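Please consult the sequence and the structure alongside them.

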Amino acid sequence: MHQAAAAPSPPDLARQAKPSLLSRVGGQAKSSKQRGRGRETGRGANGGSASGKRWGGRGNPFTSAPLLFCLQGYEGLVEGGENIKQANWLSVSNIIQLGGTIIGSARCKAFTTREGRLLAAYNLVQHGITNLCVIGGDGSLTGANIFRTEWGGLLEQLVKDGKITKEVAKKYCHLNIVGLVGSIDNDFCGTDMTIGTDSALHRIMEVIDAITTTAQSHQRTFVLEVMGRHCGYLALVSALASGADWLFIPEAPPEDGWEDFMCARLGETRSRGSRLNIIIIAEGAIDRNGKPISSSYVKDLVVQRLGFDTRVTVLGHVQRGGTPSAFDRVLSSKMGMEAVMALLEATPDTPACVVSLSGNQSVRLPLMECVQVTKEVQKAMDEKRFEEAIQLRGRHTCALTAAAVCADWCCLSPFRQTHFSLAILNVGAPAAGMNAAVRSAVRIGISQGHTVYVVNDGFEGLSKGQIRKVGWHDVAGWLGRGGSMLGTKRTLPKTSMEKIVENVRKFNIHSLLVVGGFEGWGSHTCSNSDICANEPSLLSSAQSCDRIKQSASGTKRRVFIVETMGGYCGYLSTVTGIAVGADAAYVYEDPFTIHDLKVNVEHLTEKMKTDIQRGLVLRNEKCHEHYTTEFLYNLYSSEGRGIFDCRINVLGHLQQGGAPTPFDRNYGTKLGVKAMLWMSEKLQEAYRKDSACVIGLRKKMVAFSPVTELKKVTDFEHRLPQEQWWLNLRLMLKMLANYQISLTEYISGKMEHVTRRTLSIEKGF
């Protein structure tokens, strides 16, 4: 990251206008200085805590609008006083890696009454606030909308009681509200992911992976209870990501007689050599009659009918704690910035909105539309309209449920055999999530009645005949494995095309599924997919940078130059930079000069004069032919002599290793299912007609793109798409690093609406 303008010192908001929690903002302005000048914005966190809420508060340290924190959520809003505090740049320094929320969160009964909201309105007016950013769940956001609806009446009451004048009431006559959804349950309709969900999934998968080892050793069955009183998303995704044997969620109660089916499934897997069984149950699981299904009941059932050694593990509040995942850090940063921009652009006619994630895009949705649909889900469940409840949750929940059933539990059904044969291979560098995609593709292919082969060592193995038929249980246990179980090489097919054709004919292969990098048209550098299955690279980069920053904090006045992988693609450097609060991130797609390097050095020099005496600079491995990592080290060391010292850290292949994250297991499984179903459909339609497509997430949906079309939008020399969607994130990276930038370049999210049609669009999550 670079910036040609001089770097400013952190804004001194204390010298701005009278402190406030929220302020009214007029229409759109044309510069960051004009937007929100003299206006004040406040933030509050309510409800349960979720990792990533801290990052939601980093969205507006740069605009000239004063910003205040409301401590302890609505409780602090009602009590006022010291609970409403001025925030500045240093207030949110070095909180990136911390879970929970630094401004506290509490449920407040007083705010549910008009008297309590009257006190809150008085405290806001006293601080000159008419803009409120609320981070919480549907209850907190519903309360915020009620507060906004009553605002005019509350001010009239305050005038009548003699607490404020008519002039003050007229000055603060409008209240603007923007919501950010912070909930580990992912139970809010309208957004693909809520803040904290991905971090909670990391905690769950860490426990499941650990339990799996002891379960295999002792041949045990484990019943794991996860959070989700009204929403089964955590249970669903963790079951999909762990290959669980059975799942209970509130939205999809099991059919009558499920006890027999479940025990048959567990017994069948044991008879085929499995040494463990995993059953995942959401805390709100029920049967078709609305009767709760408890983890203890399931355990007793397994013990009585099968005699298996069975244990129960209730994860509890461990799911809420811990370090936020890289995904949550970036998600909440995007949402925080979008929320502030929404407030700065708001007018008296702008409805209260919630900032949501749609695919990889930030969008604004009418708050009460989302709340209403969320309430309709619970109403449908109460009235036992469970299929409708799943539809209202969104297409991604439907797809995940189908993927879970298809990839794991259809082995109890007899398969109708076809005459088609399919082969699966990995190509390019290994990436976490490959095995999940292969596993689901194998099982879906078998369930469709096809003969499925796997190929070792990519196209090289295909040319050498390293092909074997694979069965359902041959891919058991692959979900949590990193790298490539099939083996992968960068060899291109053109080097041995004749032998490949010979083996394709020999094994009568009708279709080929290639999972891999640019060599196989399937990586993040490929033009088809905005997101690839390899989040561990981002996670390991973020975790390494967290430790490096901790080291720099201990020694003071130290700058680390960190080199990341990615070839010519700067995605890892950019997104890691956002997730760890880097001062600069150099990438090939955003050209930089020696002048830009000079500005970055001066920026760090000024930074060392503040209380934040540490620096972190990221460099993509092929960002510049001449400005190498060694060059940057020498430059920063020379120019910063006497002010700060430098260290180099090359992360290297550490980024490719490790177990897949829940996102990669989920995403890989889903793509494997969809790819195999698409291939099966094409074979049934006209298997003699050749076709080649690439599957991936494009903006808001999973899509298939013909290879012939991708050639037109691909830079083959540098193995990149000609347009990179994530380059829009670099503006946020520079802003969060405290560079003087113009927000006129910022592309605001569009106001959309929540309907059954929009909920039916299939997303990548």
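**Overall architecture and salt bridges**

The protein contains 24 helices and 24 strands, where helices (H or I, at least four residues) and strands (E, at least two) are DSSP runs numbered from the N terminus. This is a predicted model, in which local features need pLDDT of at least 70 and side-chain atom pairs count only at pLDDT 80 or more, while totals for chains, interfaces and linings use all residues. Residues are numbered from 1 along each chain as its sequence is written, and side-chain values use heavy atoms, with hydrogens and water left out.

Q: What percentage of the residues in the protein is buried?
A: Buried means under 20% relative accessible area, exposed over 50%, and partly exposed in between (1.4 Å probe, protein chains only). Of the 765 residues in the protein, the buried share is 61%.

Q: Which residue forms a salt bridge with Asp-309?
A: A salt bridge places a side-chain nitrogen of Lys or Arg within 4 Å of a carboxyl oxygen of Asp or Glu. Asp-309 lies in the loop between helix H9 and strand S9, and its partner in the loop between helix H6 and strand S6, so the pair ties together parts that are 89 residues apart in sequence. At 2.9 Å, N to O, the partner of Asp-309 is Arg-220.

Q: How many residues apart in sequence are the parts that Arg-730 and Asp-590 tie together?
A: Arg-730 and Asp-590 form a salt bridge with their closest N and O atoms 2.9 Å apart, and both residues are buried. Arg-730 lies in helix H23 and Asp-590 in the loop between strand S18 and helix H19, so the separation in sequence is 140 residues.
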